[in-house]
Amino acid sequence: MDTDQTGYQHKQYAPICLILYLMGLLFIGMGWVMSDIPSFGWLFPTIGVLSLFVATSFHYLEVKDQGESLLIRFGPLGLFRRTVPYHELQSIESGRTLLLDGLGIHYSVRGGWVMNIWGRDCVVLRYQDGRTLRVGTNDPKNLTQFLQHRITEGNR
């Protein structure tokens, strides 16, 4: 965790991307070896490139203060991101995702969205309009404290 007097920034890395990188390279190699077979010559490399793209998109989960909002983004490509304005938040608490919630970005079986890259620890963000967002983190204590401070500061 990197914090200073004005903000919060933390990246959580996930080893699952290493499996995706390996799968991508394996499929590209299989496409090259099986290039004489009509379907495999283009299908395997395509799957390999897509696996590398997904691995690069989900290498880490970054949570970062941006002054008036919280940026939650998977990286390093940064295609999958969400910005949460602090004034929209009602409450913050540490929590745990369900095994069924898994990894990635999706709707939870309990309701609300989940953004998680590894593990089950999370911070539950409750919006004023009733929506819920669970943000996976290996730094739940510091993130919860920072967000509670930001919400309290904004309500003064």
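User: What is the accessible area of the nonpolar patch on the surface that includes Phe 53 and Trp 113?
Analyst: This is a predicted model. The patch is formed by Phe 53, Val 54, Leu 77, Leu 79, Phe 80, Ile 105, Tyr 107 and Trp 113. Helix H2 (38-57) and strand E7 (104-107) each supply at least two residues of the patch. Together, the residues of the patch have an accessible area of about 720 Å².

User: Is Trp 113 buried, partly exposed or exposed?
Analyst: Trp 113 belongs to strand E8, which covers residues 113-116. The relative accessible area of Trp 113 is 38%. Buried requires a value under 20% and exposed a value over 50%. Because its value lies between those limits, Trp 113 is partly exposed.

User: Which element supplies the largest share of the largest nonpolar core?
Analyst: The largest nonpolar core has 23 residues, and those with the most contacts inside it are Ile 72, Val 84, Leu 89, Leu 125, Leu 133 and Leu 147. At least two residues each come from strands E3 (60-65), E4 (69-75), E6 (89-96), E9 (121-127) and E10 (132-136), and from helix H3 (140-154). The largest share of this core, four residues, is supplied by H3.

User: Which residues does Leu 147 touch, leaving aside those up to four places away in sequence?
Analyst: Leu 147 is one of the residues with the most contacts inside the largest nonpolar core. When residues up to four places away in sequence are not counted, the residues that Leu 147 touches are Leu 70, Tyr 86, Ile 92, Val 123 and Leu 125.

User: How many residues of E4 are buried?
Analyst: Ser 69, Leu 71, Arg 73 and Gly 75 point one way from E4, while Leu 70, Ile 72 and Phe 74 point the other way. Residues on both sides are buried. E4 is therefore largely enclosed by the rest of the structure, and the number of its residues that are buried is seven of seven.

User: Which residue is the bridge partner of Leu 71 in E5?
Analyst: E4 is joined to E3 by six bridges, and these two strands run antiparallel. Within that pairing, Leu 71 of E4 is the bridge partner of Lys 64. E4 also runs antiparallel to strand E5 (residues 81-85), to which five bridges join it. In E5, the bridge partner of Leu 71 is Thr 83.

User: Which residue takes a positive phi in the hairpin of E4 and E5?
Analyst: The hairpin of E3 and E4 has three residues between its strands, and Gly 67 in that turn has a positive phi of about 90°. The hairpin of E4 and E5 has five residues between its strands. There, the residue with a positive phi, near 75°, is Gly 78.

User: Does Ser 69 count as buried or exposed?
Analyst: Ser 69 lies in strand E4. Not counting residues up to four places away in sequence, Ser 69 touches Lys 64, Thr 83, Val 84, Pro 85 and Tyr 86. Its relative accessibility is 11%, so Ser 69 counts as buried.

User: How many residues apart are Glu 88 and Arg 131?
Analyst: The structure holds six salt bridges. In one of them, the side chains of Glu 88 and Arg 131 meet, with an N to O distance of 3.5 Å. Glu 88 lies in the loop between E5 and E6 and Arg 131 in the loop between E9 and E10, so the pair links distant parts of the chain, and the separation is 43 residues.

User: What separation in sequence does the salt bridge of Arg 96 and Asp 121 span?
Analyst: The closest N and O atoms of Arg 96 and Asp 121 are 2.9 Å apart. Arg 96 lies in strand E6 and Asp 121 in strand E9, so the pair ties together parts of the chain whose separation in sequence is 25 residues.

Technical notes: Residues are numbered from 1 along each chain as its sequence is written. This is a predicted model: local features need pLDDT of at least 70, side-chain atom pairs count only at pLDDT 80 or more; totals for chains, interfaces and linings use all residues. Side-chain values use heavy atoms; hydrogens and water are left out. Patches are made of residues with over 30% relative accessible area and no salt bridge: like charges are joined within 9 Å, nonpolar side chains (Val, Leu, Ile, Met, Phe, Trp, Tyr) within 5 Å. Accessible areas come from the Shrake-Rupley method with a 1.4 Å probe; for residues, only the protein chains shown count as cover. A salt bridge is a side-chain nitrogen of Lys or Arg within 4 Å of a carboxyl oxygen of Asp or Glu. Buried means under 20% relative accessible area, exposed over 50%, partly exposed in between (1.4 Å probe, protein chains only). A nonpolar core is a set of buried Ala, Val, Leu, Ile, Met, Phe, Trp, Tyr and Cys residues joined through side-chain atoms within 4.5 Å. Contact means heavy atoms within 4.5 Å. Two strands pair if DSSP finds at least two bridges between them.
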